[in-house]
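Welcome! Here is a short briefing to read alongside the sequence and the 3D view. Take a moment to look around before you start.

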Amino acid sequence: MSNQAPLIDGYEVVIGIEIHCQLNTQSKIFSNAPTAFGAEPNTQATIVDLGFPGALPVLNEGVIERALKFGLGINAELGMYNTFDRKNYFYPDLPKGYQTTQMANPIVGKGYIDILVNAGTKDEYTKRIGITRAHLEEDAGKSVHDAVPAMTGVDLNRAGTPLIEIVSEPDMRSVGEAVAYVKTIHELVTWLGISDAIMAEGSFRADINVSVHKPNTPFGTRCELKNLNSFRFIERAIKSEIERQIDVIEDGGKVVQATRLYDPERDETRAMRTKEEANDYRYFPCPDLLPVVISDETLAKVKADMPELPSVRKERFVNEFGLSTYDANVLNGRRELSDYFLDVIAITGNQHAKIAANWVMGELSGALNKNELTINHSPISAERLAGMIARITDNTISGKIAKEVFGYLWESDKSADDIIAEHGLKQETDTSAIEAIIKEVLANNQAMVDEYKGGKEKAFNGLVGQVMKASRGKANPAQVNELMKKLIG
């Protein structure tokens, strides 16, 4: 399919996204205060985070390494010389009166990432999204609004928490592309191990810039949707804002550049403030922090620690293992699941990658979700699952029997071979034994035999079902089909 997004009511949509991703260091970007989630308000802020006079920041080396990993992950130009600036604005939750960030010389420059849109459908396509820059900065605190009593409190635990802000080019032309982009970045930062990216905890948030315009005319005025922290809200907020902007223009009005919030209960966006420009923030170099010069040795160390990227691994799954793009995408959604799958086929062999993928994505993932477990806490190790798959591929058990074996694997620490032997689950492959069962079934179901001979294929399936029932599911289905046709003639 072409990656040309359809027009909406005659308008083209333009979307650019800024993602704020918390880096998973144990301490903050410029102080030794902890970054753990859920602490009592205002118990994790030092005099550095609060901007006390004379309290000087000290850069956390861990944020540099994590930012470099991200830059390598998006094929970006790296800022081997990068500097910090002050972004000045006055909010109650910004005690210093400025945010320390990178404006002039960011640590990550231009790069790109490829996204898969409409994955698993006939409309699936890949699109390359440009990334303008990714820079380090500190987070602000948080204003907490209470209805009873009617008051607003300020929690400064997040002040100074290390972030990397990822700024895309305005390359997205649909809601689907925007959501796919955010999901792909989310996948990458967790894959690289630089962030837990738990959206519900605020460690991965997106600001979405949306505008609309008629084809072959200049881009429209953009509005920014602030602090969206779920994929579902991102999708709904963009749809709502597109509809709002089109309605404004169609009614003869003009879209005003502004920062807007999304109200999920009313499914609408509302103005928060008129949008500032860069000069409104009066950026200037931070006098308390020296420029960061990254050595070749540091970069080499980071490169050596880089895992195989998800995009590379997906391509390998398709080309080496013969999996579909959809399967490769699902298996590589999380690095832990991908590693588990690789451990399975290291035992079963690449030739059985498809059946291994089906079991990992299907029965295993379903059981994990039902029991609210991650793959790291799976009761069935990759070695034990591979042992069961080996018994399927050598016809010791059928796919149906395998589901019974899987249940025993989940509930015990025994191997598939021990379970098969203990419960008598070995598939019947003896031709004479299967023939005897088939002959008995045919003799007792003459009417179904006549229906099949008369052209009703369902009757044949019914006869096969009778044989499988008589064999207690142990007859080899392929043999049953072949022998049944032979005996019916």
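Which residues in helix 9 meet which residues in helix 10? Keep in mind as you explore that this is a predicted model. On the helix 9 side they are Arg384, Leu385, Met388 and Ile392, and they meet Ala402, Val405, Phe406 and Leu409 in helix 10.

**The helix pair**

- Sorted by class, the contact of helix 9 with helix 10 has 7 nonpolar residues, no polar ones and 1 charged residue.
- To find the pair, look for helix 9 at residues 382-393 and helix 10 at residues 399-411.
- The two helices pack at an angle of about 160°, and their axes are 11 Å apart.
- Angles over 145 degrees count as roughly antiparallel, so helix 9 is roughly antiparallel to helix 10.
- Their crossing is right-handed.

- Strand 12 (residues 258-263) pairs with strand 13 in the antiparallel sense, over 6 bridges.
- Within that pairing, aspartate 263 stands opposite glutamate 268 in strand 13.

- Another open sheet is formed by 3 strands in the order 4-3-14, and its pairing is antiparallel.
- Strand 4 (98-101) and strand 14 (284-285) stand at its edges with a single partner strand each, so one side of each has no neighbour in the sheet.
- Strand 3 (residues 85-88) is joined to strand 4 by 4 bridges.
- Look for arginine 86, which stands opposite threonine 100 in strand 4.

**Salt bridges**

- Side chains of opposite charge can pair when their charged atoms come close.
- Searching the whole structure turns up 29 salt bridges.
- One of them joins the side chains of arginine 205 and aspartate 139, at 3.4 Å from N to O.
- This pair links distant parts of the chain, 66 residues apart: arginine 205 is in strand 10, while aspartate 139 is in the loop between strand 6 (125-138) and strand 7 (142-146).

How values were computed
Residues are numbered from 1 along each chain as its sequence is written. This is a predicted model: local features need pLDDT of at least 70, side-chain atom pairs count only at pLDDT 80 or more; totals for chains, interfaces and linings use all residues. Side-chain values use heavy atoms; hydrogens and water are left out. Two strands pair if DSSP finds at least two bridges between them. Axes are lines fitted to C-alpha atoms, for helices over the stretch in contact, and angles run from 0 to 180 degrees between N-to-C directions. Angles under 35 degrees count as roughly parallel, over 145 as roughly antiparallel, 65 to 115 as roughly perpendicular and the rest as oblique. A crossing is left-handed if the near helix is turned anticlockwise from the far one by less than a right angle, and right-handed if clockwise. Contact means heavy atoms within 4.5 Å. Ala, Val, Leu, Ile, Met, Phe, Trp, Tyr, Cys and Pro count as nonpolar, Asp, Glu, Lys and Arg as charged, and the others, Gly among them, as polar. A salt bridge is a side-chain nitrogen of Lys or Arg within 4 Å of a carboxyl oxygen of Asp or Glu.
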